[in-house]
Amino acid sequence: MRFLLVEDNADLAASVAERLRLDGHGVDRAATLAETRDCLAAASYDLILLDISLPDGDGRDFLAAERRAGRDTPIIVMTARAAVVDRVDVLDLGADDYVTKPFDFAELEARCRAVLRRRGVALQTVQQFAGLIFNPLNATVRVGDELRELRNRELRLLEILMAAPGRIFSKNQICDRLFSYAESVTDNAIEVYVGRLRRKLDGSGARIETVRGIGYRLTAP
Amino acid sequence: MRRAALSLRLRLVIQLFGIAAVLAIVLYLTVRTVADQAAEATQDGVLGAATLAIAERLQGGEVGVGLDLPYEAFSILGSISADRVFYRIDADGVPLTGYDDLPRPDQGGGEIAASVAPVFYTRPFRDTEVRIAAVGRTVLVARRPVPVMVMVAQTRQGQEAIAARVANRAAALGLGSFALAAALSLLTAGSVLRPINRLAEAVGRRGPNDLRAVDHPTPVELRPLVFSLNGFIARLRGALSRTETFIAEAAHHIRTPLATVRARAEIALRQSRSEPTREALRAVIRAVEESSRSAGQLLDHATVIYRSDRLTEAPVDLAPLIDGVAAGFAPTADLKDLALRVAGTEAPVIVQGDRPLLESALRNLLDNAVKYSPEETAIDLTLARDGGQAVITVADRGRGLSGEGAAQLSERFRRGSNAGDVVGSGLGLTIVSEVAAAHGGLFELDEREGGGTCARFSLPLA
């Protein structure tokens with residue numbers, strides 16, 4: 001996905017951008033509303049991540065102005081204000097969703113996907129590997145004529161592996177992205193999801209290979 | 001120790017009663033005096049007339065003073081009361097006839113003789129007191145002037161009886177006027193104090209968050225008070241709004257760096273292969289999550305308390321509210337492959353309430369259910385009508401209640417003994433039960449059949 005990240009705190013903006021790039025997303029940064037308008041004039045984005053307190057204005061005013069002008073790029077507000085009233089407020093102004101700082105990136109990604117799915121956006125995100133067509137937005141894989149639905153964790157596992165077919169991903173790397181940090185996870189849990197995903201990929205030629213003692217990789221014959 | 005100030009009403013009533021009492025006594029004394037004087041004047045008139053009538057009949061002669069007593073004069077006296085009548089006539093200072101022990105006036109006979117009008121005085125006589133009228137005349141006896149003094153006396157029983165009657169009437173009049181004045185003073189005290197009471201009522205009726213200036217119509221005397229009250233309200237409003245701004249600022253200044261910490265920790269975790277480092281980074285992320293959650297719930301809790309005090313009740317349709325909150329939670333639930341099933345939201349269910357508060361309660365219930373549900377289970381969110389109640393149930397397949405009820409788990413900062421390693425602040429259910437209480441509703445927690453928890457949140461239907 002291509003993000004426009006509007007955040008005036010340089011540290012946070014750099015971290016969020018880096019974190020999103022790690023997941024394979026494209027990120028442009030804007031620190032002010034003026035820069036935001038420049039970016040929007042020059043390029044198009046799948047999603048805008050918008051902070052509220054900006055040096056040259058209130059993010060909510062920008063949000064309201066965008067919607068009034070009929071520009072409907074999905075906007076997710078990143079707010080430091082967690083009060084109930086504030087949350088209701090941004091949704092009423094036309095935000096697609098909001099996350100409260102500090103946010104969980106897995107949750108942010110899930111929310112982005114949900115927003116895009118709700119908007120019915122046709123993203124060029126369909127990925128193909130061997131006999132497999134993977135649509136992360138709709139959480140489906142197509143094998144031949146058969147459309148198979150993926151559960152959320154299967155989807156995320158496949159996303160990880162598809163990002164670099166042939167590369168070995170360690171159990172730790174997979175664990176970090178699949179489970180919340182508050183959960184205590186056993187290696188067994190990963191095997192359960194790997195097993196399920198293997199069944200969903202049946203017949204596509206794509207294979208999840210266990211590299212004993214290291215991790216997993218996606219291969220094709 | 002400071003003495004409590006005497007109430008204005010008591011002060012006013014005591015003073016008005018005092019004034020009424022003094023006026024009543026003055027009235028009583030005046031009436032009595034005037035009545036006494038009037039009675040005495042009546043008696044004096046009759047006594048004087050009798051005395052003069054006798055004096056008219058005095059005749060001079062060659063040998064002595066002649067007198068033909070006019071008995072009609074005495075009958076006039078007898079007609080006004082049953083009092084006894086005495087008389088004495090002296091010629092040349094020597095008793096001529098009548099009661100010779102009847103006291104003579106203090107003045108010398110000459111002066112009396114010179115006056116045409118009678119002189120009146122009161123003296124003790126025998127066993128009683130008498131009113132005496134005396135008049136002097138000069139009679140020629142053998143061509144020699146002889147001074148003659150005529151005195152007529154009457155006892156005072158009749159007059160005293162009149163005086164006693166008048167005194168009774170005067171006392172009744174005094175008491176009556178006192179009672180009337182007292183009643184009026186109570187009314188006056190009430191009416192004078194009414195504006196103060198009304199002002200106090202108008203200010204007292206306000207909720208603790210009604211910080212508008214007081215513009216209640218008040219008398220001139222109360223304006224300084226209202227003026228300073230409004231000044232105080234304005235300062236309080238300023239302080240509150242600064243506090244709100246401060247909280248928002250503080251949240252911003254704390255949450256933004258926390259977000260940086262979390263993002264950096266996640267990036268480092270991705271890149272690190274050292275197991276101790278990874279464990280440390282996970283702990284950092286958990287701590288960040290816990291502190292941000294606590295901060296959020298403290299803020300929510302403060303909002304709930306603040307808004308509960310002045311509940312802005314409006315009709316709220318629970319059906320779209322539940323759908324909206326459930327949609328907001330879907331991505332979070334999805335991360336654990338939890339199915340969030342909503343039922344009963346096809347038709348509107350209207351309650352009277354404060355929408356942000358109800359939403360906050362609902363979010364906390366769902367947040368708990370999502371947190372404690374094992375992955376790949378279902379959470380059932382149901383809206384139903386039961387009698388006059390709208391009932392929201394959130395049923396999960398989590399770890400249940402370990403024997404604790406809604407009352408215990410709703411205590412501030414109390415967490416279930418089986419909460420384990422799940423991140424939480426212990427305020428979520430406090431918020432839920434406070435919202436229920438503020439709306440006259442009920443919050444209950446039960447073990448769910450087949451395992452898990454069933455939370456029931458009911459509100460009176462509009």
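**Sheet, interface and nonpolar cores of the predicted model**

Ile133(A) stands opposite Arg142(A) in β10(A). The model is predicted: local features need pLDDT of at least 70 and side-chain atom pairs count only at pLDDT 80 or more, while totals for chains, interfaces and linings use all residues. Residues are numbered from 1 along each chain as its sequence is written, and chains are lettered from A in the order in which they are written.

Strand β9 (residues 132–135) of chain A runs antiparallel to β10 (residues 140–143) of chain A, and 4 bridges join them; strands (E, at least two residues) and helices (H or I, at least four) are DSSP runs numbered from the N terminus. Both belong to an open sheet of 4 strands in the order β8-β9-β10-β11 (chain A), where pairing requires at least two DSSP bridges. The edge strands are β8 (127–129) and β11 (146–149) of chain A.

The contact between the chains takes 34 residues from chain A and 38 residues from chain B, with contact defined as C-beta atoms, placed from the backbone, within 7 Å. On the side of chain A that touches chain B, α1(A) gives the most, with 7 residues.

The largest nonpolar core has 42 residues. Such a core is a set of buried Ala, Val, Leu, Ile, Met, Phe, Trp, Tyr and Cys residues joined through C-beta atoms within 7 Å, buried meaning that 20 or more other C-beta atoms lie within 10 Å of the residue's own. Among the members that touch the most others are Leu318(B) and Val394(B), and α8(B) gives the most to this core, with 8 residues. A second, separate core of 36 residues includes Phe3(A), Ala17(A), Ala95(A) and Leu269(B).

Terms used. Two residues are in contact if their C-beta atoms, placed from the backbone, lie within 7 Å. A residue is buried if 20 or more other C-beta atoms lie within 10 Å of its own, exposed if 12 or fewer, and partly exposed in between; C-beta atoms are placed from the backbone.
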